[in-house]
Amino acid sequence: MAEGTTRTATVTPTAGGRGARRPALSPSRASDFKQCPLLYRFRAVDRLPEVPTKAQVRGTLVHSVLEKLFALPREERMPERAKDLLHPTWSELAEECPEWMDLFASGEGEDGADETGAAVGAWLETAGELVDAYFGLEDPRRLEPEACELHVETELSSGVLLRGYIDRIDVAPTGEIRVVDYKTGAAPRQIGEAKAMFQMKFYAVVLWRLRGVVPRQLKLMYLSDGQALAYTPDEPELVRFERTLEAIWQAILRAGKTGDFRPSPSKLCGWCSHQALCPSFGGTPPEYPGWPEPDPGEESALDRAD
Ligand code: SF4
């Protein structure tokens, strides 16, 4: 599937433009609420800042490079060409988010060497390894995605608005759709697999409702360990999953009215940036600021690159 597909314009429906968007559910925030309602509150309602890890920023970089790779003529989509994109793409990202440079800041060494530059260089090499791993999984010269980093949004009949970004969509000449997601995180595949499949089913529901076609394949490409996982959803499954999303959104709205977002401790707390404010760790959350307007469901670039 998706060999020799054609690039077409994809209309991204929006609800009133970026300035006044309705609250919507995104896969990352839905996962947050499922994992821990208080984590959802900290991220989507309080919008507390989180310092990204180098691995998260590297994921954003690699996603961006792969998007640029598919904008090149097919014959140029080679590993060295892709790795040549790393440096300029990082420069662009660092200009947009200068605080990310703090992750590497160490100043000058005793001999006057630029230790920050060396740290960035070593980190870019690890990003290059992920790019190499991508080429070990498929040959991009044989693909012509319909879209990369596609913003999608749809409203279910219940009124729940779903919103997110899809890494890549391939559409075969026969119309079969493949949804592709690149995973760049350092965590072993098994740890994040359920969360990743939740995200893919979310996108499958959105595309099914937007286009009337159940995607033929959901493909996860794990670049850290060079493995891919493909899954074929069916319509009854997506109907059930849609109900799950509606139930999650209703639970979020109920908690949003009262501010009752409870902590739900788990082994995943080790990755939570907000333990100091969490009652399960002896902290006290800030006063509930009320349900935010206009959009508590937005995903960041870092969310999309996990
Ligand atoms: S530390 Fe754990 S329980 Fe507390 S907010 Fe974070 S994820 Fe939830």
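Predicted model: local features only at pLDDT ≥ 70, side-chain atom pairs only at ≥ 80, totals over all residues.
A residue counts as buried here if 20 or more other C-beta atoms lie within 10 Å of its own, exposed if 12 or fewer, and partly exposed in between, with C-beta atoms placed from the backbone. Residue numbers start from 1 along each chain as its sequence is written.

**Overall layout**

- The protein has 9 helices and 5 strands; these are DSSP runs numbered from the N terminus, with helices being H or I of at least four residues and strands being E of at least two.
- Going along the sequence, the pattern reads α-α-α-α-α-α-β-β-β-α-β-β-α-α.
- Of the contacts in the protein with a separation of 6 or more, 71% are between residues 24 or more positions apart; a contact means that two C-beta atoms, placed from the backbone, lie within 7 Å.

**The sheet**

- The 5 strands make an open sheet in the order β1-β2-β3-β4-β5, with mixed pairing; two strands pair if DSSP finds at least two bridges between them.
- β1 (147–155) and β5 (227–231) sit at the edges with a single partner strand each, so one side of each has no neighbour in the sheet.
- From one strand to the next, the twist averages 35°; axes here are lines fitted to C-alpha atoms, for helices over the stretch in contact, and angles run from 0 to 180 degrees between N-to-C directions.

- On one side, β2 (residues 161–171) runs antiparallel to β3 and is joined to it by 4 bridges.
- Across that pairing, Asp170 has Arg178 as its bridge partner, and Arg168 stands opposite Val180.
- β4 (residues 217–222) pairs with β3 in the parallel sense over 6 bridges, and Tyr182 stands opposite Met221 of β4.

**The β2–β3 hairpin**

- The hairpin has 5 residues between the strands, and Gly175 takes a positive phi near 95° there.
- Gly175 lies in the loop between β2 and β3 and is exposed, with 9 other C-beta atoms within 10 Å.
- The C-alpha atoms of Gly175 and Pro215 are separated by 9.5 Å, although the two residues are 40 residues apart along the chain.

- α6 (residues 115–137) has 23 residues, which at 1.5 Å a residue should span 33 Å, and its end C-alpha atoms are 34 Å apart, which agrees; the expected span is 1.5 Å times one less than the number of residues.
- An α-helix has 3.6 residues a turn, so residues three or four places apart point the same way.
- α3 and α6 pack at an angle of about 50°, with their axes 10 Å apart.
- The two helices α3 and α6 are therefore oblique to each other; under 35 degrees counts as roughly parallel, over 145 as roughly antiparallel, 65 to 115 as roughly perpendicular and the rest as oblique.
- From α3, Lys54, Arg58, Leu61, Val62, Val65 and Leu66 meet Trp123, Thr126, Ala127, Leu130, Val131 and Tyr134 of α6.

- Most residues other than glycine have a negative phi.
- Arg47 is not a glycine, yet has a positive phi of about 50°.
- Arg47 sits in the loop between α2 (37–45) and α3, and counts as partly exposed with 13 C-beta neighbours inside 10 Å.
- Glu149 likewise has a positive phi, near 50°, in a residue other than glycine.
- Glu149 is found in strand β1 and is partly exposed, with 15 other C-beta atoms within 10 Å.
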